[in-house]
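I shall take you through one chain, from its overall dimensions to single residues.

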Amino acid sequence: MKIEAYKTAEEALRSMTGTLISVIKKSKSKPFHIALSGGSTAQQLFKLWVKEYRNDIPWDILRFYWVDERCVSPEDDESNFKHADRLLFMPLDIPQDHIHRIWGEQEPKVEAERYSEMVKWELPGYSNMPRFDCTILGIGADGHVASIFNDSMDLLTDPRVYAVSQHPKTGQQRITMTGTAILKSSAILIPVIGADKQEIMEHLIHKQGVYPASYILSRSSTATLFTDRIIE
């Protein structure tokens, strides 16, 4: 794992985007398969891409997937797809057939299986596990990644591509990429932005506690973390 720290969120997100562009240019994969995360940091990132990188990222070769999705309709404000569609896909006129959303409105277990099989079909396989060209992860203030929480650590080693998880506080069901699939990614880029991430960043850097995020970071040789947090 590599860590890059910056003074502002914008600087961190710009650096991450520059790394993404470099990864795309170096990749021999066309189309380029990228998995997106949701949340407030992702929304900041989408706005930045539309504002500053409209002509710098080769959007036509990108194929979009999701790291995780809440089990809600695509019109719901909780939907990761809804925010990506409104902030990124529509402004950039991304073709619908380049976007592979998780159907959060469907029965969760059935959808997790469908999405896993679709990803296996679309992506190049590696030891029967598809390999994303790039996975953009987030880290929650509680140390979760994707929708893998502290009480569902078994999903980190689950042999499936996607599985059903449940938020420990709300009980909301989600469909998430497993740790096994995440770690197969050719590149893992992780923006960790905001004052609410200070404590978890300190825990991760100083290896205090066991979290889904620490599991991924300790086992990935392709992960780069971009943050606006100052870590002593």
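**The chain as a whole**

Of the 232 residues in the chain, 56% count as buried, where buried means under 20% relative accessible area, exposed means over 50%, and partly exposed lies in between, with a 1.4 Å probe and protein chains only. Please keep in mind that this is a predicted model, in which local features need pLDDT of at least 70 and side-chain atom pairs count only at pLDDT 80 or more, while totals for chains, interfaces and linings use all residues. Residues are numbered from 1 along each chain as its sequence is written, and side-chain values use heavy atoms, with hydrogens and water left out.

The chain has seven helices and eleven strands; these are DSSP runs numbered from the N terminus, helices being H or I with at least four residues and strands E with at least two. The radius of gyration is 16 Å, close to the 17 Å from the globule rule for 232 residues, so the chain is as compact as a globular protein of that length. That radius is taken over C-alpha atoms, and the rule is 2.2 Å times the number of residues to the power 0.38. The C-alpha trace spans about 45 × 40 × 35 Å along its principal axes.

Among the contacts with a separation of 6 or more, 74% come from residues 24 or more positions apart, a contact being heavy atoms within 4.5 Å.

Let us turn to the strands. Six of them form an open sheet with parallel pairing, in the order S1-S11-S10-S7-S2-S3; two strands pair if DSSP finds at least two bridges between them. Strand S1 (2–5) and strand S3 (62–66) stand at the edges with a single partner strand each, so one side of each has no neighbour in the sheet. From one strand to the next, the twist averages 20 degrees. Axes here are lines fitted to C-alpha atoms, for helices over the stretch in contact, and angles run from 0 to 180 degrees between N-to-C directions. Helix H4 (residues 108–122) packs on this sheet, touching strand S2 (32–36) and S3, and its direction makes about 155 degrees with that of S3.

Within this sheet, strand S7 (residues 134–136) and strand S10 (residues 188–192) pair in the parallel sense over two bridges. Thr-135 stands opposite Ile-188 in S10.

An open sheet of three strands has antiparallel pairing and the order S4-S9-S8. Its edge strands are strand S4 (68–70) and S8, each of which pairs on one side only. On average, neighbouring strands of this sheet are turned by 25 degrees against each other, direction ignored. H4 packs on this sheet too, touching S8 and S9. Six residues lie between the strands in the hairpin of S8 and S9, where Gly-171 takes a positive phi near 80 degrees.

**The core and selected residues**

Which residues have the most contacts inside the largest nonpolar core? They are Trp-49, Leu-88, Phe-89 and Ile-139, in a core of 75 residues. Such a core is a set of buried Ala, Val, Leu, Ile, Met, Phe, Trp, Tyr and Cys residues joined through side-chain atoms within 4.5 Å. H1 contributes the largest share, seven residues.

Ile-34, found in strand S2, is buried with a relative accessible area of 0%. Its C-alpha atom is separated by 9.5 Å from that of Ala-187, 153 residues apart along the chain.

Finally, the backbone. A cis peptide bond joins Lys-30 and Pro-31, with omega about 5 degrees, and Pro-31 lies in the loop between helix H1 (9–26) and S2. Ala-146 has a positive phi of about 50 degrees although it is not a glycine. Is Ala-146 buried or exposed? At 8% relative accessibility, Ala-146 counts as buried. Lys-207, likewise not a glycine, has a positive phi of about 55 degrees, and with a relative accessible area of 76% Lys-207 is exposed.
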